[in-house]
Amino acid sequence: MAYKDAKEAYKYNNDFNREKYDRISLMVKSGKKDIIKARAAANNESVNAFINRAIDKLLEES
């Protein structure tokens, strides 16, 4: 969807994300973020996708 005004596009995206997703703030020990980023990159995925996949795998096991 093309927008003439960037503000309209940001508003649309923010509204969509607010409606479709929950936000979780995550804290990890110092240095662990770099390890997670490297593992995600090795799997050709974002940090978000990597963490979501790990969570889904653990939820399936329980």
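Reply: Buried means under 20% relative accessible area, exposed over 50%, and partly exposed in between (1.4 Å probe, protein chains only). This is a predicted model, in which local features need pLDDT of at least 70, side-chain atom pairs count only at pLDDT 80 or more, and totals for chains, interfaces and linings use all residues. Residues are numbered from 1 along each chain as its sequence is written, and side-chain values use heavy atoms, with hydrogens and water left out.

Me: Is Tyr-12 buried, exposed or partly exposed?

Reply: The relative accessible area of Tyr-12 is 39%. That value lies between the cut-offs of 20% and 50%, so Tyr-12 is partly exposed.

Me: How is the aromatic pair of Tyr-12 and Phe-16 arranged?

Reply: Rings of Phe, Tyr and Trp (its six-membered ring) pair if their centres lie within 6.5 Å; planes under 30 degrees apart count as stacked, over 60 as edge-to-face and the rest as tilted. The structure holds one such pair. Tyr-12 and Phe-16 lie 6.5 Å centre to centre, with 25 degrees between the planes, and the pair is stacked.

Me: What separates Tyr-12 and Phe-16 along helix α1?

Reply: Helices are DSSP runs (H or I, at least four residues), numbered from the N terminus. Because Tyr-12 and Phe-16 are four residues apart in α1, their separation is about one helical turn.

Me: Which side-chain oxygen reaches the backbone nitrogen of Lys-7 at the start of α1?

Reply: The oxygen comes to within 3.2 Å of that nitrogen. It belongs to the side chain of Asp-5.

Conventions
Polar contact = N/O pair within 3.5 Å; in protein donor to acceptor, adjacent residues only side chain to side chain. Helix = DSSP H or I, 4+ residues; strand = E, 2+ residues; numbered from the N terminus.
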